[in-house]
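Dear colleague,

Please find below the structure that I am handing over to you. My findings follow directly after it.

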Amino acid sequence: MTDVLAYTNYGKIRGVYFDGVYRFLGVRYAKPPVGPLRFMPPEKPGVSGLVVDAKEYALKCWQTDTPRIEVPEVANSKWNLSNQKIVTGNMEMGKGPMSEDCLALNIWTPELTEGADLPVMVWCHGGGNLAGSAECPHQDGFNMAKKHGVVMVSFSHRLSLFGYMDLSMFGGKYARSRNLGNQDMVAVLEWVRDNIRYFGGDPGNVTIFGESGGGGKVCQLLGMPAARGLFHKAIVQSGGFQAIDPALGRKDTEAFLAHLGVSAANLEKLETIPPQDLIRAMREVNAARSNGDYLNFPVTFDGDVIKYDPFDGGEDSEYCRDIPLIICYCREDMALLALFNPEIFDLTWETLPGALRGYGYGEDEIGEIISVYRELLPDPTAPDVVIALMNDSQQLKFVEDVSRTKDGRGGAPFYNCIFAFDSPDPVQKAFHGIDVPFFFDNAYLAPGMYTAKTKAAAFKVSETCGSAWAGFARSGDPTGLHMPRWLPYEQGTRYTMLIGEDCRLVSNYRSKSRELVYRLRGRSLPSLARNDEAGE
């Protein structure tokens, strides 16, 4: 590796050059949110007269894992252990060294020449607003820069209580202290707009993409006035728009402050409590709560930071109508929720009707569900039926909802794909998150996701995925290597690209189950929504 210098508007930074790629890690895009800046909107970094090293990732933002996965019987189930073995190298949520000095981004680029005008891709990591990080091996941008000629950017932002505790109800200096993690994202995109040309990137051709909670962040950015004009294309992987009533977010804040013994009278105490003690207090609250009622500090629909739902057909649908969009999900995505409810994996054909009855379905509906999925799925098991029903009730329906919103309104094209390359787990198959290393063309960094028999196929799929995302970022056409021409998803044709060893463009994917989930909506299947928002 060779040291290299780059310029930014905030001073010079020192990164490294290796095998055709320039890499800069841990580049601060905002001041450390510590002391008086804790729970404040991000502030631009100061200009430094020194050369600042950018060779190591910033530490993770303070976080916990999803409370449900910290429950021993869930964490230690054979299903979770299998899942964690396969995704090793993706991210370890809620663990590892952490710091409040975490507002940093990372850059990989094949050019360090202003005017190269390469497409820019900005990655939003998963883990919801609760956990996750940008330094995971699967999310390394080297291959996308070297093989596919894009400037890759990833970043960290404030999470959990540090990024989403809503203190705006107290007014004064806290008037904008809500959805701070999302305000951090806008600060990232502003940094990219103002500086990425020094790294060979085109600030007028920026694609945001993310998976799981990162896909949700992409959807939220589509509804944020402050983000308008800062990106030009969007990819949502296994996510959707989620922002709840601010009143529900304030309930979490009030409960947490009461546990801490903090009120409006001594609110400044929040600036001095050690971060590890705040995380410990959050875990203490959740230890007394149950699934569906955990303290999560949710993203809220506050009408200022997050003003629009970009997919509801209202003003906001016009607001982002000219942003080309891909929505992608994994074929067995909702095996994640079965992971949080491991009893699903133990279902048999004899116990399946009782489980569906418990989700609120009537006898005729139960018979129809089983009949439809027995026909649609190859050699299904009882758990397969529930996972497919959850998948179609959330992911397939989300795609169709977006299409119905966009249909006949003009604007940019909308594409859909399903990642259908099986993991080595014969039950969880193509589960949530398995696609991440493939869309970075990093299969070689994810040996748990394939076997000796499927290794060659995995590398082919990896090349397909990386080239598709890079092609979309470059020109808006996501047709990648080893796949047929990819056509938009529109009402009438409903084209979906099934991505696997042999990619196929299909029309009206699972039409029978799509009709089914629209007609049988409103049941109480496990979902990504909180119980207190499920009725909204």
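In this predicted model, the largest nonpolar core has 92 residues, of which Phe-24, Val-122, Leu-221 and Phe-256 touch the most other members. A nonpolar core is here a set of buried Ala, Val, Leu, Ile, Met, Phe, Trp, Tyr and Cys residues joined through side-chain atoms within 4.5 Å; buried stands for under 20% relative accessible area, exposed for over 50%, and partly exposed for what lies in between (1.4 Å probe, protein chains only). Helix H5 (residues 180-195) supplies the largest share of this core, with 8 residues. Helices (H or I, at least four residues) and strands (E, at least two) are DSSP runs, numbered from the N terminus.

Leaving aside residues up to four places away in sequence, Leu-221 touches Cys-124, Met-185, Val-186, Leu-189, Ile-208, Ala-227 and Phe-231, where contact means heavy atoms within 4.5 Å. Another core, of 82 residues, lies apart from the largest one, and Val-71, Leu-377, Ile-434 and Phe-438 are among its members. In soluble globular proteins, nonpolar side chains tend to be buried together.

Strand E8 (residues 201-211) has 8 of its 11 residues buried, so the strand is largely enclosed by the rest of the structure. Strand E6 (residues 118-124) runs parallel to E8 and is joined to it by 6 bridges; two strands count as paired if DSSP finds at least two bridges between them. Within this pairing, Cys-124 has Gly-210 in E8 as its bridge partner. E8 is also joined to strand E9 (residues 233-237), again in parallel, by 5 bridges, and Thr-207 stands opposite Lys-233 in E9. From E8 the chain passes through helix H6 (residues 213-222) to E9 in a right-handed β-α-β crossover, that is, with the strands pointing away from the viewer, the path from the first strand over the helix to the second runs clockwise.

Two backbone positions also deserve mention. Most residues other than glycine have a negative phi. Asp-19, however, has a positive phi of about 50°; this residue is in the loop between strand E2 (11-18) and strand E3 (21-28) and is partly exposed, at 42% relative accessibility. Phe-39 likewise has a positive phi, of about 65°, and is placed in the loop between E3 and strand E4 (52-53). Phe-39 is buried, with a relative accessible area of 1%.

Residues are numbered from 1 along each chain as its sequence is written, and side-chain values use heavy atoms, without hydrogens and water. As the model is predicted, local features need pLDDT of at least 70 and side-chain atom pairs count only at pLDDT 80 or more, while totals for chains, interfaces and linings use all residues.

Yours sincerely
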